[in-house]
Each structure stands twice: as C-alpha cells, then as structure tokens.
Amino acid sequence: MVQGELFSESTDEAATRGYRGTVASKVAGITYRQLDYWASKRIVVPSIATSHGSGSRRLYSFKDVLILAVSKKLLDIGVNLQNVTAAIGFLSRHHTSQLEHMTIICDGQDVKECEDGDEVLKLIDEGTAVFGVSVGKLWNQVDSQLEQEKHIDITPGDSSVSALPISPVDDIAAERMRQKLENQRLERAAQH
C-alpha cells in the first residue's frame, strides 16, 4: 500500500497551507534524505505539489506531515516497513479531522482504528497486537510545531499551486510580492 498510488482519490478537504520538504522533514523528525527517498519510492508523497525535476519543490499538507510523523514513530519502535505502509494506507483514507482523536492498532495483517481499551486488551491477550499508536497525540504535536514554521497559503481551487516558485530567487521574489501586497492592504485599512 503506497500513498498516492493506491489512494489517488482524495478523501480529504482542500489544504489551506502547504509546507516545503525541509519543514515537513524537520517536524516529522526525519532527515531530508529520508523524505526524498520516501517521495521517490512513492511511500509518502506530497499531496499539494510534487517535484517535477531538478529545482522544483515539493509541497506537503498538514496530513502529509502527520503521516510522516506517524511513520517515523512506527519505525522508531521497530515496526517493519510492510506494517508501516499498511498504516500509511489506512491513514490516507481518512479526513484530517478524523485523525485528530484517532488511535490505530495493527494485528500484523490489518490496521484499524482502536475504538476502546478492550479492543487493545483483546489483541494483546491473543498475542496478535503488533503496534498501537495514538495518532491524535502526534496530531497535536505536529499542529503545534507547524504553527511555528513557514508555510505557503493555498487558496482552495487554486490552480497556481502546480506553478509554485522553482528556485530560491523565485521564492524571494514571491515573498517580497506577498509582503508588498500585505503592506498595501494594511495602508488601505488604515485609511478607512
């Protein structure tokens, strides 16, 4: 199961913020090299803008960063890549808002939402529990960390996302233009 290939139909609301790969890797706690590898192998791909060759930039949604953080957590506790990709597929099929209070559990074959503690105890008693992760706890950590990071505002239905700046010079020019427009807006507001 690979995000972006098997789950190409978006079941999520439109993202309003995008995060560059450097921010996504930092907040998820992985190296940029690992992020790049996962994107190239289509394990976790950015849902807002993918890389289109040298110089282009990926743009990750909040949900993408959360899935990266969950994947990192699972790898840290020794879960094999097959079960990690099963978790990625499971999380990809849910809305971001559903993930805020979710705990997932795996029995070695299937990943599912853990409804209550009895379910966890049953899997432990049967000896089939492979992992359990509080996605909600990671959701709050990622949300808190991303609030402190640079982002790109995305307008729903904006087709220019695919035309994001592709070089550092373009990034600087775009940031200057955003600042200039914001200053003009503030000046107009002050005049009224």
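C106 stands opposite V111 in strand 4. This is a predicted model, where local features need pLDDT of at least 70 and side-chain atom pairs count only at pLDDT 80 or more, while totals for chains, interfaces and linings use all residues. Residues are numbered from 1 along each chain as its sequence is written, and side-chain values use heavy atoms, with hydrogens and water left out.

Strand 3 (residues 103-106) is joined to strand 4 by 3 bridges, and the two run antiparallel. Strands pair if DSSP finds at least two bridges between them. Helices (H or I, at least four residues) and strands (E, at least two) are DSSP runs, numbered from the N terminus. The open sheet has 3 strands in the order 4-3-5, with antiparallel pairing.

Helix 1 (residues 21-28) and helix 3 (residues 62-76) pack at an angle of about 40°, with their axes 8 Å apart. Axes are lines fitted to C-alpha atoms, for helices over the stretch in contact, and angles run from 0 to 180 degrees between N-to-C directions. The two helices are therefore oblique to each other; angles under 35 degrees count as roughly parallel, over 145 as roughly antiparallel, 65 to 115 as roughly perpendicular and the rest as oblique. In contact (heavy atoms within 4.5 Å), A24, V27 and A28 of helix 1 meet V65, L68, A69 and K72 of helix 3.

R42 lies in the loop between helix 2 (32-40) and strand 2 (59-60). Its phi is near 60°, a positive value in a residue other than glycine.
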